[in-house]
Amino acid sequence: MNELLLPHEAEVVERVNESPTIFTLRLQFCDQSKHARYRFTPGQFNMLYLYGVGEVPISVVSDPQDDTLFDHTIRAVGRVTRGLAQLRVGDRLGIRGPYGHGWPLREAEGRDVLIITGGLGCAPAVSVINYVTRRRQHFGELVIVQGVKHADDLIWAERYRRWSTLEHTQVLVAADVGNTLWPWHVGRVTDLFSQMHIDPRKTIVMMCGPEGMMRIAVDRLRERGIDDSAMWLSMERSMQCAVGRCGHCQFGGKFVCRDGPVFNYAEIKVLLSVRGI
Amino acid sequence: METGFLPRGRFQGLLDALHRAGYRCFGPQVRDGAIVYAAVSASEDLPQGMRDHQSPGYYRLERTSSLRYFGWANGPQALKPLVFAPHEVLWRARRLPDGGIEFSTEPPSTDKLAVIGVRACDLAALALQDRHFLAAPQSDPHYAARRARLFVVAVHCSDPSDTCFCVSTGDGPQASAGFDLALSELDDGFLVESGTALGAGVAAALELEVVSAEARAAAARQIEAARERQHRRLPSRNLRAALFANLEHPRWEDVAGRCLACGNCTSVCPTCFCHAGIESPGLSGETSMHARAWDSCFTQGHSYINSVTVRSDTRARYRQWLTHKLGSWHEQFGRSGCVGCGRCISWCPVGIDITEEAGAVCAGAADE
Amino acid sequence: MTPVAAGYKPQVAVHKFASCDGCQLAFLNLGEDLLLLSSLVEFVHFAEAGPVNPEAPVDIAFVEGSISTAKDVERIQLVRARSRFLVTIGACATAGGLQALRNLADGQAWIADIYAIPAYVESLMSSTAVAQHVKVDLELWGCPVSSRQLVAAVRALLFGVAPVEERDKVCMECKRSQIVCVMVAHGLPCMGPVTRTGCGALCPSFGRDCYACYGPAENPNTQALTRRLEGLGIAPAAIGRRFLSINNGAAPFTEAGLRLMHDHD
């Protein structure tokens, strides 16, 4: 198979501006049979190729059962993502994937699900939230905790409001810096941890965001009696090949692209506690 | 399997047999003051009588009156550049007039290559690169193509350098596996062993002589001498626990003060596999080429994500290299990533010695 | 940045300040690609090649040369004001060039030593990088820059993305090219381990030592290299001069060089 690393042509079917720097591309493979065969699980990622510029790993945020389109929510921060931001409906790009291991949805069934995200970390987790809300009977309580630096950074405010109206669903949002219209907490997201309605014995935690935030969150959750093996973290490292070969994503002995990006906390405990690993 | 004795005067017969079998032959040659692998067609191309002097950050050749072709320790190259190319085009993209993008794969190399003079350390390294690039579910097509057409003529190492420590890692000086043919070089000729049916086939064409008991004993003696000559060693073959227990050891800061973070160690390392994706669009914009190129955990780009460099200083980069090479390799490949070739010591411009650094960080560590 | 719309030819200017013109040659040496380049962009100002219109507003301005006179100080402001994307090309524009050596000496005395009528020389006492005067969007290092760098930068800008910044050390490229290390195998005082890649390890490929014409790489350990060069038997002042050469105005090299000069005064 010489096609291991070869992208497939895809088309931008819809484009949504989420914030001044965050946008969602809704995509479809140009080859219909390729599109029909494409399957992913929440938490997995694709490599997006911008013609003549390069590739970048981005998690899939849409629902795995939606077979019409798959979505990528992207923050324009590097040269490739800033370039992707310029794509319009009808434009083409390359896609290969999906890669990695997604969230432990099977393990989560029948348990309370606590989702903690920071910054744009919410993107990989939104697919899980959608997944759970659409299959509500399979899960216990759903607690969604999201922290942002600045109130303006929160995307999908409308979705958070909507989720907060669902039964057995608690939404806790915080911004380090608020603004006049900010309806949620101003301060550290970890301030809100005491308000979480969770039963530590039957809770599964899925976390995504800056490593510093995840370190603190893990400590607080352990204090509340949540077991190490009940916490799952989506890690981020440079990924260039996505198949465990290029070596950039190494996190101790793990290849984040292949062994992750979602890891059980017990597996990466030592590594997470050290900076610059 | 021992197949016989090849008198020195008939060494050309081996090259001819390989050529006849359709192989391009690569062998050691002196180039720009070092022994490197390059195309050979005649035995005169080989570095007869050459010997090396190596020490941390130092490499020099000296011509002697010895008749031997292989009386030296490894130069800067391993087999790595011949199977995992320093720069390799993976695929191409073409912009179509309607805005579409057409992708095409780059056909892998179909060259049949025979490499002569490969040492035990480099065979151990090749086995590790095989595990990395050929791992399921999908092997790397470019590596796999080169690897499948590679014929290895090993030479048991008789002359390790001051920087060699393959005895300590258990990978040499005698080649034990991974070769098609293996040679023990004596003054008057070569003991020939075959390791594969392919190798036995080539050996059969050489009309080898019967090996004398003296020759066999001499070959064994020189391996023993090579073993005894080595004085550097790692504290243990498995330093994983010791390294990961010492991630905040002051030695990391100390070595960072000496390290140039230039990436020479990772480039000459026969097992380092990191590579970067490189996009090269043509000026017209109508086509673009996607390649991979050797990268190093000592570069800033290696750990760069979303405007953050995870390993921003040399302390973190050197720690990444050493903890991976001697530590997390065990987790990934079931053994250390170091085969004791000593290249990272000789070819480090400032002569940093991996055995010394590992010794300092893991002082007191015993085998796990 | 946005990708270039079909049919629109971005307007390009190539400005010269205090320099030898060598970097502009990287355009002229493109050969056939120069014709292709001219079909993709419109050179509205490029005195060395013909068109002269320094005041035209442009999409991309390439600036060669350092800021060396009072007029330069004013002119670079105008160039910036009329350019959407400003690229410095070469050591002079990016680090002040060889002529920045006068920043570290008594420039007035040098002028007096050389020129019969020093009063005719209207230079500032310093030669500085363009970035010390105006915002620079991209720096291309090198003495001179290579055609490959220019083409890559233009191509990226035409695609509407930032050009790739090459910051690795020369050693990375040297080893990818399988060149035998001139420092280890020949004891040459190679600057490769602290110097930015981009030249294709040109000097080592001819068996000579890198003399740092592409300026400092990221994370350069000038002290460790200094100790190594001392170990090769090179006098501190001679090592200092290797740092205080073409890119003497680049901070890591200025510091390393001055340290050596002062320590051994």
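Okay, housekeeping. Residues are numbered from 1 along each chain as its sequence is written, while chains are lettered from A and ligands numbered from 1 in the order in which they are written. Since we're looking at a prediction, local features need pLDDT of at least 70 and side-chain atom pairs count only at pLDDT 80 or more, but totals for chains, interfaces and linings use all residues.

Let's start with who touches whom. Chain A puts 33 residues in contact with 39 residues of chain B, where contact means that the C-beta atoms, placed from the backbone, lie within 7 Å. On the chain A side, β4 (54–59) and β6 (92–99) are the elements giving two or more residues. Elements here are DSSP runs numbered from the N terminus: helices are H or I with at least four residues, strands are E with at least two. That side of chain A splits into twelve nonpolar, 13 polar and eight charged residues. For those classes, Ala, Val, Leu, Ile, Met, Phe, Trp, Tyr, Cys and Pro are nonpolar, Asp, Glu, Lys and Arg are charged, and the others, Gly among them, are polar.

Chain B also meets chain C, with 38 residues from chain B and 29 from chain C. On the chain C side, α2 (32–40), α6 (147–159), α7 (170–176), α8 (182–186) and α10 each supply at least two residues. By class, we get 15 nonpolar, five polar and nine charged there.

Now, domains, with bounds from an automatic or database domain assignment. Chain B has domain 1 (2–229) and domain 2 (240–361), and their C-alpha centres lie 25 Å apart. Between them, 38 residues of domain 1 contact 32 of domain 2. The largest share of the domain 1 side, nine residues, is from β6(B). That side has 19 nonpolar, eleven polar and eight charged residues.

Chain C divides into domain 1 (11–159) and domain 2 (170–263). Here 15 residues of domain 1 contact twelve of domain 2. Helix α4 (residues 90–95) of chain C gives the largest share of the domain 1 side, three residues. And that side has nine nonpolar, six polar and no charged residues.

Back to chain B for the sheet. Seven strands form an open, mixed sheet in the order β1-β11-β10-β9-β8-β2-β3, with two strands counted as paired if DSSP finds at least two bridges between them. β1 (2–7) and β3 (34–39) of chain B each have a single partner strand, so one side of each has no neighbour in the sheet. Ignoring direction, neighbouring strands are turned by 25 degrees against each other on average. β1(B) and β11 (residues 189–194) of chain B run antiparallel, joined by five bridges; Glu2(B), for instance, is bridged to Glu193(B).

Last stop, two helices in chain C. α10 (residues 222–231) and α11 (residues 236–243) of chain C pack at about 135 degrees, axes 10 Å apart. Axes are lines fitted to C-alpha atoms, for helices over the stretch in contact, and angles run from 0 to 180 degrees between N-to-C directions. That makes α10(C) oblique to α11(C); under 35 degrees is roughly parallel, over 145 roughly antiparallel, 65 to 115 roughly perpendicular, and the rest oblique. The contact uses Thr222(C), Thr226(C), Leu229(C) and Glu230(C) of α10(C), plus Pro236(C), Ile239(C) and Phe243(C) of α11(C). That's four nonpolar, two polar and one charged.

How values were computed: Two residues are in contact if their C-beta atoms, placed from the backbone, lie within 7 Å.
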